[in-house]
2 protein chains.
Amino acid sequence: MSIPDALLDRFRAAKTASREVARLTSGEKAEALRAIATALEAAAPRIIEANAVDLERGRTEGIATGLLDRLLLDAGRISSLATAVRDVAALHDPVGQVVGGHRLPNGVALEQIRVPFGVVAVIYEARPNVTVDIAALALRSGNAVLLRGGSAARESNMVLVEVMRDALVGRGITADAIQSVDDFGREGANALMNARGYVDVLVPRGSAQLIETVVTQSTVPVIETGAGNVHIFLDETAPADWTNDIVVNAKVQRPSVCNAVETVLVHRAAADRLVPDLVAALQAQGVTVHGDDVVGSLGSGIVPATEADWATEYLDLDIAMHVVADLDEALEHIRTYSTGHTESIITTDSRNADRFLAEVDSAVVMANASTRFTDGGEFGFGAEVGISTQKLHARGPMGLAELTSTKWLARGSGQVRG
Amino acid sequence: MSIPDALLDRFRAAKTASREVARLTSGEKAEALRAIATALEAAAPRIIEANAVDLERGRTEGIATGLLDRLLLDAGRISSLATAVRDVAALHDPVGQVVGGHRLPNGVALEQIRVPFGVVAVIYEARPNVTVDIAALALRSGNAVLLRGGSAARESNMVLVEVMRDALVGRGITADAIQSVDDFGREGANALMNARGYVDVLVPRGSAQLIETVVTQSTVPVIETGAGNVHIFLDETAPADWTNDIVVNAKVQRPSVCNAVETVLVHRAAADRLVPDLVAALQAQGVTVHGDDVVGSLGSGIVPATEADWATEYLDLDIAMHVVADLDEALEHIRTYSTGHTESIITTDSRNADRFLAEVDSAVVMANASTRFTDGGEFGFGAEVGISTQKLHARGPMGLAELTSTKWLARGSGQVRG
């Protein structure tokens, strides 16, 4: 595809800016981030005003309440955003970290160090907080960023980007380190996907549909994030207390996120012991259980499950429950339906735990823990770019290090190859 | 695109095989590789016979002498191939290596380990040795492999793949861990590029044209390898002995490879001192020097360079030479024309060396060493899948570790998220 000149100009400016931010010291980047946090707080009235326009349009267009809530920015949320930016400023800067190296037999000193990608692009949906989070993470790791947010948040995003750019200029840094292409609509997204030579990595964040589009249409390198059809397997020896605590936590604490459990698999020999209490515990929290025949016979109010339920990422207070013959059948079910995000086994049998950990091919595989732990914050990364479900470059929660590449430095004294 | 059933069957078989090879111990994989090496030696007459058919067809179709030489397999080369496979067997197995981890505050033990990608696909040109090299590297790192070689080597590749598959079966390993799609011609390559859910990573090896096609048309994750428009900058303080040794080595030792130097940039203040001797040294080795006016005035037999020369990867006994005002102009020239593979500065000024190392955005940046060192073998990796010129996942020479992904393991005792 051909990219309009006005967009190409922006991409070129991003590339030039990337060289400038790559050279900033860790301290300079932290100062710039603190300036951004302060500027966001100071601009709260303007941000709220712009956000009101987005909210009003959203209501008129009848978007769902959940989406409206994600769209909302009030004084409290803006303050939280500013705090998040200050937290990112406090994170350890990955740039320059030596990750490998040795001296060659001929004396050449080889060193592999972390360097910024250059230009990071992100295509996401109507969550204005992502605009700020991603810009902060990109800047901390020495990258310039190109943002394409959802049109439902366009007024909010426009003001947020403007405030951040002004704050950069106030610190003597080029505003082009943070740019949006929202004003180009869908054309902006298409151009980002085809910006070979300008965009070093493109991260889609949002619905399965958005991610599929980006992955299949991009000619620039992509990190696939995402969809989580997450399983918990209750092994024969699963303790009832762990089972109830973990499944309820994994389903109920925040049902709309990708690390929430969607299907519980139960070892046949444990079904009578575990299912009735677990179903009751889930139902007490308002969860609808979609079960197979065995599950249906062990609880009341079970909605009969169909094949489609095994493949569904509900992202809501619904859960599928399926009784399997043994660990092998559980592994086979997971192989068939998992999206490779997170799976957990509840067991006290260490051999089964080890097999599950070894054989399940997902970004995060757990034994006896809630799937909700798959999260950059919980993993101690301090912030999260997204959760990668691909195997290239990054897998699982992506922190600042995952926004860097590496480069080899070789220092010699006249050596030639023999 | 829709993938023919016969190819889909092969992709599914590769996926199934990948689970089997992922579980092999390091010792089992090494044994299998040694069996492959022995089988290749034993099958030498069959391989040479098949290769003769490819060579004959190549001659009839009038392919270049250099390509015919790359295509040739004789007893000596087959023996070298077997040795290379034994060398890979002796390499450290990256699978299972713990690359990170810590204990969360709540007691969950988090561990990040290396795991095989699963199914690695490689599209390459008419070099039958690549068939064996890649299969060996993929198996050592616990991956199944799907191969698509150039049609000019199809008879050779067919026998090589058959011999390797039989050797696997002899060790009780599924033959489907090594498969070729050569019999599907171009359709096989297209299917690999679109095998979402089957191919975990696709590596193109070959001409710039092949790589461009794969990068722009694939919907599976790709590692871009390749093109090297490599520069050496002679700074004001470049010692004449280092300059001559390094430039001649980097150009002449093996002109057809991607780490050979293509353009020499010379600091104006050093041109009178360095250019005459360097030009003479290059010409004595049969190198044609394409120079700008200043270079032309400092040597005889200089071919006038045009803009196109700065962008040309000669891969032959040709070199471009350009006098620049200073380090800044050299950096700007490299930014404009480099393919991000390897660049080197010759200097005794440590500040200029540091700036060059910091600011040149290439996979490998050197000071005072020959660009020919950018090589998996030279870097001590023992073998090389290719040289990545992208920033995602791998950058520079790719060894076995670059054929792995990672996975997070979390071991708890009933923990839930607060």
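Leu55(B) sits in helix α3 of chain B, which covers residues 44–60; helices (H or I, at least four residues) and strands (E, at least two) are DSSP runs, numbered from the N terminus. This is a predicted model, in which local features need pLDDT of at least 70 and side-chain atom pairs count only at pLDDT 80 or more, while totals for chains, interfaces and linings use all residues. Residues are numbered from 1 along each chain as its sequence is written, with chains lettered from A and ligands numbered from 1 in the order in which they are written.

Leu55(B) counts as buried because 20 other C-beta atoms lie within 10 Å; the cut-off for buried is 20 or more such atoms within 10 Å, with 12 or fewer for exposed, partly exposed in between, and C-beta atoms placed from the backbone. Leaving aside residues up to four places away in sequence, Leu55(B) touches Leu68(B), Leu71(B) and Leu72(B), where contact takes C-beta atoms, placed from the backbone, within 7 Å. Ser156(B) is 101 residues from Leu55(B) in sequence, yet their C-alpha atoms are 9.5 Å apart in space.

Elsewhere in chain B, helices α10 (residues 240–252) and α11 (residues 268–284) have axes that come within 10 Å and cross at roughly 35°. Axes here are lines fitted to C-alpha atoms, for helices over the stretch in contact, and angles run from 0 to 180 degrees between N-to-C directions. Sorted by class, the contact has seven nonpolar, two polar and three charged residues (Ala, Val, Leu, Ile, Met, Phe, Trp, Tyr, Cys and Pro are nonpolar, Asp, Glu, Lys and Arg charged, and the others, Gly among them, polar).

Now for the partner chain: 52 residues of chain B are in contact with 52 residues of chain A. On the chain B side, α9, α10, β13 and β16 each give two or more residues, and β16(B) gives the most, with eleven. That side is made up of 23 nonpolar, 18 polar and eleven charged residues. Strand β16 of chain A (residues 404–415) pairs with β13(B) in the parallel sense over five bridges; pairing takes at least two DSSP bridges. Within this pairing, Ala410(A) has Met366(B) as its bridge partner.

Conventions. Contact = placed C-beta atoms within 7 Å.
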